[in-house]
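Please read the following note with the sequence and the model side by side. The points are numbered so that each can be checked in turn.

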Amino acid sequence: MFPKTTTAREIQRNYRKIFDEVKKSKEPVFVMKNNKPEVAIIDAKELEEMEAVLAVIESREEMKAGKGKLLRSLADLRNE
């Protein structure tokens, strides 16, 4: 399935319709410029979930590299 695309002009004309579709489908819409993707419009909750997953991946990589510190209590976190 191909990603959904739009143009800046289409956003100016129909931004509410495009935003509603992104919220409903949870699929990004790519804004094209010169037939190349310039930016993407994504649902805010989807972005938060992506950021959380990336944070977990990064912390696992830091632990593997020996750069992380295991916190066993809230006191450990406060002393960081």
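1. Terms for exposure. A residue is called buried under 20% relative accessible area, exposed over 50%, and partly exposed in between (1.4 Å probe, protein chains only). Lys26, at 37% relative accessibility, therefore counts as partly exposed.

2. Basis of the note. This is a predicted model, in which local features need pLDDT of at least 70 and side-chain atom pairs count only at pLDDT 80 or more, while totals for chains, interfaces and linings use all residues. Residues are numbered from 1 along each chain as its sequence is written, and side-chain values use heavy atoms, with hydrogens and water left out.

3. The sheet. Helices (H or I, at least four residues) and strands (E, at least two) are DSSP runs, numbered from the N terminus. Two strands pair if DSSP finds at least two bridges between them. Three strands form an open sheet in the order E1-E2-E3, and the pairing is mixed. E1 and E3 stand at the edges with a single partner strand each, so one side of each has no neighbour in the sheet. From one strand to the next, the twist averages 40 degrees; the angles run from 0 to 180 degrees between N-to-C directions, and the axes are lines fitted to C-alpha atoms, for helices over the stretch in contact.

4. Pairing of the strands. E1 and E2 run parallel and are joined by four bridges; Lys4 stands opposite Val29 in E2. E2 and E3 run antiparallel, with five bridges between them, and Phe30 stands opposite Ala40 in E3.

5. The hairpin turn. E2 and E3 form a hairpin with two residues between them, and Asn34 in the turn has a positive phi of about 55 degrees. Asn35 is found in the loop between E2 and E3. Its phi is near 60 degrees, a positive value in a residue other than glycine. Is Asn35 buried or exposed? At 73% relative accessibility, Asn35 counts as exposed.

6. Salt bridges. How many salt bridges does the structure hold? There are three, where a salt bridge is a side-chain nitrogen of Lys or Arg within 4 Å of a carboxyl oxygen of Asp or Glu. In general, side chains of opposite charge can pair when their charged atoms come close.

7. Helix to strand. Glu21 and Lys4 meet through their side chains in a salt bridge (2.9 Å, N to O). Glu21 lies in helix H1 and Lys4 in strand E1 (residues 4-7), so this pair ties together parts that are 17 residues apart in sequence. Glu21 is partly exposed at 33% relative accessibility, and Lys4 is partly exposed at 29%.

8. Within helix H1. Arg16 forms a salt bridge with Asp20, their closest N and O atoms being 3.2 Å apart. Because they are four residues apart in helix H1, Arg16 and Asp20 are separated by about one helical turn. Arg16 is partly exposed at 44% relative accessibility, as is Asp20 at 38%.

9. Loop to loop. Lys26 forms a salt bridge with Asp43, with 3.6 Å between the closest N and O atoms. This pair links distant parts of the chain, 17 residues apart: Lys26 is in the loop between H1 and strand E2 (29-33), and Asp43 in the loop between E3 and H2. Asp43 is buried, with a relative accessible area of 6%. Lys26 also has a positive phi, near 65 degrees, although this residue is not glycine.

10. The aromatic pair. A search of the whole structure finds one aromatic pair. The ring centres of Tyr15 and Phe19 are 5.7 Å apart and their planes stand at 70 degrees, so the pair is edge-to-face. Rings of Phe, Tyr and Trp (its six-membered ring) pair if their centres lie within 6.5 Å; planes under 30 degrees apart count as stacked, over 60 as edge-to-face and the rest as tilted. Tyr15 and Phe19 are four residues apart in helix H1 (residues 8-25), and are therefore separated by about one helical turn. Tyr15 is partly exposed at 44% relative accessibility, and Phe19 is partly exposed at 31%.
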